[in-house]
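Please look over the sequence and the model below before reading on. The paragraphs that follow go through it part by part.

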Amino acid sequence: MEFFTISLLNGVSYGLLLFMLSAGLTLIFSMMGVLNFAHASFYMLGAYLAFQVSEWTNFWVAFVIAPVLVAILGGLFERVVLRKTHKFGHVAELLVTFGLSFVILELVQLIWGRTPVDYKVPTVLEGSLFKLYSSSFPVYRAFMMLVAFAMLGSLFLVLKKTRIGLVIQAALTHPETTEALGHNVPQVFALVFAGGCALAALAGVIGGNAFITEPGMAQAVGAIIFVVVVVGGMGSLAGALIASILIGVAQTFAVGLDWSFIGGLQTLGVTVTPETFGYPVWKLKISQVAPILPYLLLVVMLVVRPKGIMGTRDE
Amino acid sequence: MSSILKALHFKPLDGVRIVVWSAFALILLLMPLAAQSSFALTLLCLTGIAAIACMSYNMLLGQAGMLSFGHAVYTGLGTFVAIHAMNKIVGGWWVPMWLIPLVGGFAGLAFGALLGYVTTRKAGTPFSMITLGVGELVFAAALMFPEFFGGEAGINSNRTGGSGWLKDMGLTFGPQIQVYYLIAIYLFICTAAMYAFTQTPLGRIANAVRDNAERAEFVGYDTRWVRYLIVMASSFFAGIAGGLTAINVEAATADLLHGVRSGGYLLFTFLGGVGFFFGPIIGSILLVFALVVLSEFTKAWQLYVGIIFLIMVVFAPGGFSALIMLNLRRVKYGEWRKMRWPYVGMFFFGLIALWGFAALVEMAYQIQVAAGSGTALTVARIPLDAASTSSWLIAVAVLIAGGVAFEVSRRKFQRVWNEGEEHIAEAIKKAEAAIV
């Protein structure tokens, strides 16, 4: 029970962080058709900038400034580079963001070095929120969930209740018509791109100190958020939310479990020895399989339901 | 009508074709003579293998428009299976060593059939995302099965094992030169086979699926099946490259499967150019140059490669092969001479700006990464000190001055270039009018 509750809470907070990342990716993808390969790099940039700003001032300033800075950088990139490749098609756009991820990684190493930086949780948010039997739930995890929910709520409000949200939704499905009605669609694109980058950076600000801020952090989540977007259904925010929490919870549970097929088969009365066919597979513990769970989910989803959880298009 | 028929007409003994392929064979044959050192020979071997891998990648990207982030899975798994087969040969299996690349090829084909079934369920951007996920899956799984993949240390083998009459004749693969010729022969055959593949109906339909999947579907082709077949064919050749790697290096580690490697194939195939068949060969030369030579010169080589890649995607999406072909077209229409001075100006100022940029990057790296070895360094033989302000100021000044001059000369170049394009377009129109 104790393990279950704590793992569930940790899983949900990790899943929400994944959602913050994939929300921006999904928004950009569904609007512009651009798969932002550098999305996780903006997440990393957010964490590093937050570290730098909080060194100079404090965490709360960084919490506000870092996403804004990354949004400006993202918007600039969209304006100066990405827009130029639009005429060459989606492959060129994907390639340009792929190149950008390379450059950001190198620049980060150039500025902050190759070793992890000491980006710490602010003292106010240290310690545990409550204790459940013997394991404690840290305050910072609760803070992460709070930020994610606040972001989810405000994203919903902006998209559904404001004028710019309506224009974004319109440009999402009918860009030409929206343009004909007098809205500056390229500018809306730039705005969405910058906004998506800001969301990624916000995830970096709160994720960088919860986990670890190092040059490898972008690659560590990069592939997983792609999985989230595909499993959730291309371009579906609700699907991305479900998929992120699913992956977050599944991975957190798996890390804590050391069950294996051998144990399961033994309760069924079958003994497995090193001579049994396929022993390397049977002896694997669930905790060892944890890193590949998201990708297995991807494969299973593609075989069973290629359009994803909430997807509408079946390409 | 007649011109269309002419384009489709197959001439097995085309003069130009014979000359090009003979020249290719001759170059492959004579290259070791130019390579005086064993290091140069090693570079040649790596380039040959990379050329097969990049061309197989271009079957996906250039021919069928499928941008894969997981190509190293097929080359890497090819290497692993080939290494295990080599160990079996050492253990007494009767298979000649020179067939090992084919073992890798069939391993690639098998994994292409298995994984491609999943990845090709989607086209376009989702395909790219799925290949990335499947690539991560295979890499993570490789670390989970140390029995097959050898864990962190990897597995080793020995290419001099086995038997056979060729071996009795002296073909032991002990000397590197024998390995080179093995690679060269496989490279020639694979190149010919892949070129022939572009001419087959399947190769043509792949182009149709790339250009307009909807229409291809409407005409009655199953685009998913076409993608699946192309992935399998591509992974077969990727597996051959992997098998050659097994013979060349005699070892395999899990990082052969890593996403960074897949990214490298994508990056350099694109730099070489996806629009022409020979583009990936240029890409493979660049790949080996960057990985082996450039990385000796500077720790920041990935930054330079990344920036060059960004510039190429934005300004020359056809890669280097397209640049070569465009310039050859200018020569053909007598438009190239006007370009000489704009070219010289652009390259001159470009190099100056590059020096300023490189100086900044290298000084930053000297402080950040190589802090232990002092602050003094040279960039293109010009001594700098990363600790002194004047060095930084000089570098910034050179970068700004060079950058501005470069931009001015680039605009001039652009103008001259566009004028030339117009002239050529007119000339082509005139020629067409003359035919009619």
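Two residues are taken to be in contact if their C-beta atoms, placed from the backbone, lie within 7 Å. The model is a predicted one, and the contacts named below are contacts in that model.

Begin with helix α1 of chain A, which covers residues 2-32, and helix α5 of chain A, which covers residues 139-161. On the α1(A) side the residues that meet α5(A) are A:Leu9, A:Asn10, A:Val12, A:Ser13, A:Leu16, A:Leu17, A:Phe19, A:Met20 and A:Ala23. Their partners in α5(A) are A:Arg141, A:Met144, A:Met145, A:Ala148, A:Met151 and A:Leu155. Sorted by class, this contact of α1(A) with α5(A) has 12 nonpolar, 2 polar and 1 charged residues. An α-helix has 3.6 residues a turn, so residues three or four places apart point the same way.

How are two such helices placed against each other? Two packed helices are described by the angle between their axes and the distance between the axes. For α1(A) and α5(A) the angle is about 40 degrees and the axes are 9 Å apart. Angles under 35 degrees count as roughly parallel, and the pair α1(A) and α5(A) is therefore oblique. The crossing in which α1(A) passes α5(A) is left-handed.

Helix α1(A) also packs against helix α8 of chain A, residues 185-210. Here the angle is about 170 degrees, with the axes 8 Å apart. Angles over 145 degrees count as roughly antiparallel, and α1(A) and α8(A) are therefore described in that way. Among the residues of α1(A) that meet α8(A) are A:Leu17, A:Met20, A:Leu25, A:Ile28 and A:Met31. The α8(A) side includes A:Phe189, A:Val192, A:Phe193, A:Cys197 and A:Leu202. The residues of this contact divide into 17 nonpolar, 3 polar and no charged.

A:Met31 leads on to another part of chain A. A:Gly235 is 204 residues from A:Met31 in sequence, but their C-alpha atoms are 8.3 Å apart in space. A:Gly235 lies in the loop between α9 and α10 of chain A, the latter being residues 237-256. Is A:Gly235 buried or exposed? With 21 C-beta neighbours inside 10 Å, A:Gly235 counts as buried. Leaving aside neighbours within four places in sequence, A:Gly235 is in contact with A:Thr26, A:Phe29 and A:Ser30.

Next comes the contact between the chains, which takes 38 residues from chain A and 38 residues from chain B. On the side of chain A that touches chain B, the elements giving two or more residues are α3 (59-85), α4 (90-112), α9 (217-232) and α14 (293-304) of chain A. Which of them gives the most? That is α4(A), with 12 residues. By class, this side of chain A has 29 nonpolar, 5 polar and 4 charged residues.

In chain B, helix α15 (residues 301-315) has buried residues that pack against α3 and α4 of chain A. The buried residues of α15(B) also pack against α13 (259-272), α14 (279-297), α16 (319-332) and α17 (340-368) of chain B. Among the buried residues of α15(B) are B:Leu303, B:Val305, B:Phe309, B:Leu310 and B:Val313. At 1.5 Å a residue, the 15 residues of α15(B) should span 21 Å, and the end C-alpha atoms are 21 Å apart, which agrees.

Helix α12 of chain B (residues 223-249) has 27 residues. From first C-alpha to last, α12(B) reaches 38 Å, close to the 39 Å expected at 1.5 Å a residue.

Just after α12(B) comes B:Glu250, in the loop between α12 and β2 (251-252) of chain B. Most residues other than glycine have a negative phi. B:Glu250 has a positive phi of about 60 degrees although it is not a glycine. With 17 C-beta neighbours inside 10 Å, B:Glu250 counts as partly exposed.

B:Glu214 is found in helix α11 (residues 213-219) of chain B, and with 9 C-beta neighbours inside 10 Å B:Glu214 counts as exposed. B:Leu33, in helix α2 (residues 15-34) of chain B, has 7 such neighbours and also counts as exposed.

Notes: Residues are numbered from 1 along each chain as its sequence is written. Chains are lettered from A and ligands numbered from 1 in the order in which they are written. This is a predicted model: local features need pLDDT of at least 70, side-chain atom pairs count only at pLDDT 80 or more; totals for chains, interfaces and linings use all residues. Axes are lines fitted to C-alpha atoms, for helices over the stretch in contact, and angles run from 0 to 180 degrees between N-to-C directions. Helices (H or I, at least four residues) and strands (E, at least two) are DSSP runs, numbered from the N terminus. Angles under 35 degrees count as roughly parallel, over 145 as roughly antiparallel, 65 to 115 as roughly perpendicular and the rest as oblique. A crossing is left-handed if the near helix is turned anticlockwise from the far one by less than a right angle, and right-handed if clockwise. Ala, Val, Leu, Ile, Met, Phe, Trp, Tyr, Cys and Pro count as nonpolar, Asp, Glu, Lys and Arg as charged, and the others, Gly among them, as polar. The expected span of a helix is 1.5 Å times one less than its number of residues. A residue is buried if 20 or more other C-beta atoms lie within 10 Å of its own, exposed if 12 or fewer, and partly exposed in between; C-beta atoms are placed from the backbone.
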